[in-house]
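Hi,

Here is the structure I promised to pass on. Have a look at it first, and my notes on what turned up follow below.

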Amino acid sequence: MVEVISCFDAVANPGKMLPVEESINRILNVVPNATKTERIPLSKAMDRVLATDQYSPFNVPPHTNSAMDGYAIAFTDPLPVSWRLVGEAYAGRGYPEKLNQGEAVAIMTGAPVPEGADTIIIKEAASLKGAALSIQGGVQKGQHVRLAGEDIPRGSLCLPSGSLLSPQALGLLASMGLSSVEVFKPVKVAIFSTGDEVVDQGEALPEFGIYDTNRFTLRGMLTRLGCEVIDLGIIEDDQRSLSEALALAASSADIMLSSGGVSMGEADYIKSALKQEGRVDFWRIAMRPGRPLAFGDVGGKPFFGLPGNPVAVMVTFMQFVQPALRKMMGQTAWQPNRMIAIAEETLKSRLGRTDYSRGVYHINESGQLVVRSTGSQGSGILTSMVMANCLIEITDEFERIDVGEPVLIQPFSDLM
Ligand code: AMP
Ligand code: MG
């Protein structure tokens, strides 16, 4: 028998399982921070992670300007009966002089507020007879004026290092005149499947064979995260092939993921290979699906041995691999988005175990966020993932959730 750390701990003590949160913390404690950076054009930076704190070199907006089409005046109390219209201000072309008492300037949205003016009267509230401007209704000092720097004052931190560059973040950087940004380099992830029964697409399916699912779900999720995928294919159940695959993965990637071969009943070859190439723990996690998980270090790189069942692969990726990758990508303190929904049906779990059922959430007729499961929840039933739009997370302290009770959900829109 090969001596592989806590696997045997678990075998000797089958009741002992690792809680989900502790597993995540152990993983996050050892995966490395992002270090390698590159400068790329802002136009190519969508979904990348900012590698430097970004301070604003100037005020945004740069000039105090009008938020409406109307007339710029100097507020006084009381207001004059009428003003004399003396000129116009357009966006990009202001009124060149200082406003004198009793004067008004026609102003367009975005145009700089002329010197001497501080208040805008909207077009609809004003009437013009010749050059005499009068108004209906009240006026508040400073109304409809956008102050210089009210969005971002000069010198302020507007986007910290570790920010994911969303469309709105790109817009913010663009408003500061940046044409390129320093971002972390994409993480290179090697993936492979294991199993003599697992067959590549394009090959005829032998008796008792199954087509490889996991490399495709993994590639999809990794692509969404912006990782570079190194696909090492399907590795047969044989210690030498696996050792070679691991050595190749460790030399070309920043992190590696395999699927299959980590459950208790599996042949020992995978444990032997992992022991030979690195230091890997075999965990039994108090969760369903996805109880077996191997995690450790192979050739100095983090290694995840995910379960073989396709749903378990996706769920363990979302809960364990994703936070690790986000850290390696430079994103600070990432957590899945959780919401509370009301159960539309009874959901079963077990005390001391976290269940991730596949769910469908929606807003019902009374405006309540509700969730139901997608039905059959076997860890090999991938259609349950396809039908779902969230994971229903029933944590350790619940045995079941009854109809009408609140339950946590993790929407897919955030997970993958
Ligand atoms: P294992 O952990 O290797 O015993 O695999 C558990 C289950 O997942 C078995 O039914 C395998 O046939 C199945 N499985 C393993 N790898 C894959 C894969 N890449 N695609 C689809 N099913 C798989
Ligand atoms: Mg297998």
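Let me start with Arg26: its relative accessible area is 37%, so it counts as partly exposed. Keep in mind that this is a predicted model. Arg26 makes a salt bridge with Glu22, at 3.0 Å from N to O. Glu22 is partly exposed too, at 35% relative accessibility. Both sit in helix α2 (residues 20–30), and because they are 4 residues apart there, about one helical turn separates them.

Another pair is Arg48 and Glu38, whose closest N and O atoms are 2.6 Å apart in a salt bridge. Arg48 is in the loop between β1 (37–41) and β2 (54–55) while Glu38 is in strand β1, so this bridge ties together parts 10 residues apart in sequence. Arg48 has a relative accessible area of 16%, which means it is buried, whereas Glu38, with 25%, is partly exposed.

Then there is Arg400 with Asp402, a salt bridge with its closest N and O atoms at 2.6 Å. Arg400 is partly exposed at 40%, and so is Asp402 at 28%.

There is also a salt-bridge network that links Asp200, Asp212, Arg215, Arg219 and Asp231. The structure has 14 salt bridges in total. As for charges, the chain carries 36 positive and 47 negative side chains, with the centres of the two sets 4 Å apart.

On the overall fold, I get 9 helices and 28 strands. Of the 416 residues, 46% count as buried.

Cheers

Technical notes
Residues are numbered from 1 along each chain as its sequence is written. Chains are lettered from A and ligands numbered from 1 in the order in which they are written. This is a predicted model: local features need pLDDT of at least 70, side-chain atom pairs count only at pLDDT 80 or more; totals for chains, interfaces and linings use all residues. Side-chain values use heavy atoms; hydrogens and water are left out. Helices (H or I, at least four residues) and strands (E, at least two) are DSSP runs, numbered from the N terminus. Buried means under 20% relative accessible area, exposed over 50%, partly exposed in between (1.4 Å probe, protein chains only). Lys and Arg count as positive and Asp and Glu as negative; His and the chain ends are not counted. The place of a charge is taken as NZ of Lys, CZ of Arg, CG of Asp or CD of Glu. A salt bridge is a side-chain nitrogen of Lys or Arg within 4 Å of a carboxyl oxygen of Asp or Glu.
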